[in-house]
Structure formats: structure tokens, C-alpha cells
Amino acid sequence: MAGILAALKGKRIECYAPAGAVEGGATDVVLPDLRAKRLGKFIEIPAPEGTHLHVPPIADDDPLFFRYFIDGSERVTNAGHVVDPKGRYLPLLIAQIAVATTTLHGGRLRLENYVSDNLLFFPASFGDDRLRAAEVAVREAAATSRSPMALGFEQYEVDDGDRRSPVDRARAQILQKMHEMEVKQIESLAANRKVGADALLLIDGSIEFYTDMEEHMAAFANVVGVAKSFDLHRMYGTGKNAMQVGKLIAGLPVGYRTPARRTGHRNLSIASWYLRLQGRSRVPSLSYADGAVKIEVFPPDPRASSPTIPEAKCARISQHVFALRAPATPYTDARWASHLYPIYLTERYIKTRFRDEHTIRA
């Protein structure tokens, strides 16, 4: 592999070796130094001087900034197909959707709340009478089976003009249902004042994908989103110094973060930045996104035309996210390098509650 990369570099093509690979006798890849470059406008105050900001470890006596953790998960089973009145062969999907909330007390993670739902997704291209009959038949069959379960009935739209497949359209609705369940849990914690400025709530995933945030802003004031996957082709910065996120992440050392930038979210603004949790030499993957996460939080005034967020807040959040990184390399999850340990355990709890595919199909 090193010979191929060397040949490409000889043609002045910028490329990098896989993580942990030996290239030209070195044990890591030499990447361009981006610390002196300013990539567009940051919203941190005071303004940072570069794109590599060190994240020092938290002190032993520093109480953990995060108190609650929320993860949503779903398991989808193909339950068969149905032919609609137009002769279209359309999938039936059963989705198990669950959201778990955990909390840290004295260094121990405890379950705070767990909600779940089982739904059959049926194409909406039938008449109302047949849809009602189908719903009754589905509920009765599920309740009286050898492994009875409460099964809801949801319809997904069928549109020949939509470039997405019927499965993708149904999956989009499943994800929306999961987000709605997560928002209810977040609002419950906020209403009961269990989260606050010194007891933050961390959610698994990007805040950017939630909808109707305007009406939920009060509940999300003390919420931090951490995404394990993100768009590596998205442009970071503006002008001649702009670059794709993938290149930026490739040059980010372990224990460093990028400055916070603004991400538009309808009429709101989200502050987002990237943090490397694990060194590249520990991640046997071709993707430099492995071992790095994207952090998202609403600035103090997300509706402002030029929002700002204190550098001290970004630094403190980054410190405590870094402290939660996975301490080991669980072979059961290839994403371990980007996992936060409380979220990993919360997700594992959910998945152990799901029924397996054989049971669902039976």
C-alpha cells in the first residue's frame, strides 16, 4: 500500500495511509499543519487563533459536567410484502423503537427511564376501509400469537415521484418517531429541573436532525449532542482557506478540538465543533472520522443574527466529553473509537431488550 501511495504522491496527489499503517518507515502519517490557519468566521469569543485547540484533562476533583444520557435505537424487520390496488409490490416493516435515559450517581450509571414502541409500517395507498381492516387484523394477530406483543399500525406514503425507495420512506418515518420519543424524554427532564447549567444532558446524535426546534428551545438549553458519524465532504470555513471536514479531521491530533462554528437550523443557530477522542494509530480503519466526534450545542441566543458562545463553555464541554471516551476496545462494536462509554452502555441496554428477527417473523 505504501508503494501505491508513494507513487500517487509522486504525481502531486495528496493522499494518506490507513490509520496505523507504516509509511516510509514512519508509524503515523505526516499531515499538513493547520494550526496557523483561520478557516472563516468562528462564533467562539474570544476568537481562537487556529483550528487545533488543546483539550486538557479534567482534574480529579472536578465534578462531571454531564448528569443524564439519552440514546434512541431502532431495529427494523422485513415482515413481508403487500400488493396495493395499483399492483405495486410494497414492503411491510416491523420497527422496534426504544429510548433509554441513564444517569450518573457516584460514578455509577443507573437507568432513569425506558420507553419503547412496536410498530408495523403499512403502505398508505389503500382505501380507508381496507386500511382500518388491516389495522384490526394486525393488532389481533400480534396480540394472539405464540409470542404476543402490542403492535401499533403506522402508514407510510407511497409516491411514484419520490426518488426514495418505499423502504427509505418508511425508515424516515421510523427515525422521526424515535426523535419524537427522545424529545419527550428531554422535555420531561427539563420540566422536572433535573438538568441545568452544571448538570448537562448528553444525547447520542446530531441536534441538527431534530425538527420543530423552535417550540422545544427551553428544553434543549442544557443539551449537548455528540454525533459519531457526520458528513466528511461538508465544507469547513469560507474563502481560499476552506476545506472539507474529512481533511480537517485527518489533521486533528488526539485530545484536540476545532473551534465552534455556526450551523444554521431554520431560524436558529447551532454551535458545532469536532473533537478527536482516539489517536489514529489505534483505529484500524480507512476513515479518519473514526475516533473523532462532532459536538453540537445551542448558543446562549440561538435566534440572534450573529450568535456567539463563550470559549470557556466550549472548552469545558470538550473536556468532559473527552473524559467519557471508551476506556477499552469492545470487539462487539466497530464504532468503539467514537463511542462515549455511558452512551455505549445505554445503547447496549436498549438492544438487549429488543426481540430478535426470528421471534418477530414468527
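A polar contact is a pair of N or O atoms within 3.5 Å. I note at the outset that the model I consulted is predicted.

**Entry on Ser338**

I looked up Ser338 and found that its side chain reaches the backbone nitrogen of Gly291 at 2.9 Å. I then checked Ala292, whose backbone oxygen lies 3.5 Å from a polar atom of the side chain of Ser338. I placed Ser338 in the loop between α5 and α6, the latter covering residues 341–353. Is Ser338 buried or exposed? I recorded Ser338 as buried because its relative accessibility is 4%, and buried means under 20%.

**Entry on helix α5**

I turned next to α5, which runs over residues 311–323 and has 13 residues. From its first C-alpha to its last, the helix reaches 18 Å, close to the 18 Å expected at 1.5 Å a residue. I also listed buried residues in α5, among them Cys314, Ile317, His320 and Phe322.

**Entry on Pro46**

I examined the peptide bond that joins Ile45 and Pro46 and found it to be cis, with omega about -5°. I located Pro46 in the loop between β1 (44–45) and β2 (53–54).

**Entry on Arg193**

I found that phi of Arg193 is near 55°, a positive value in a residue other than glycine. I noted both this entry and the previous one because most residues other than glycine have a negative phi, and most peptide bonds are trans. Where does Arg193 lie? I traced Arg193 to the loop between α3 (166–191) and β7 (200–204).

Key: Residues numbered from 1 in each chain as written. Predicted model: local features only at pLDDT ≥ 70, side-chain atom pairs only at ≥ 80, totals over all residues. Heavy atoms only, no water. Helix = DSSP H or I, 4+ residues; strand = E, 2+ residues; numbered from the N terminus. Expected span 1.5 Å × (residues − 1). Buried < 20%, exposed > 50% of the residue type's maximum accessible area, 1.4 Å probe, protein only. Polar contact = N/O pair within 3.5 Å; in protein donor to acceptor, adjacent residues only side chain to side chain.
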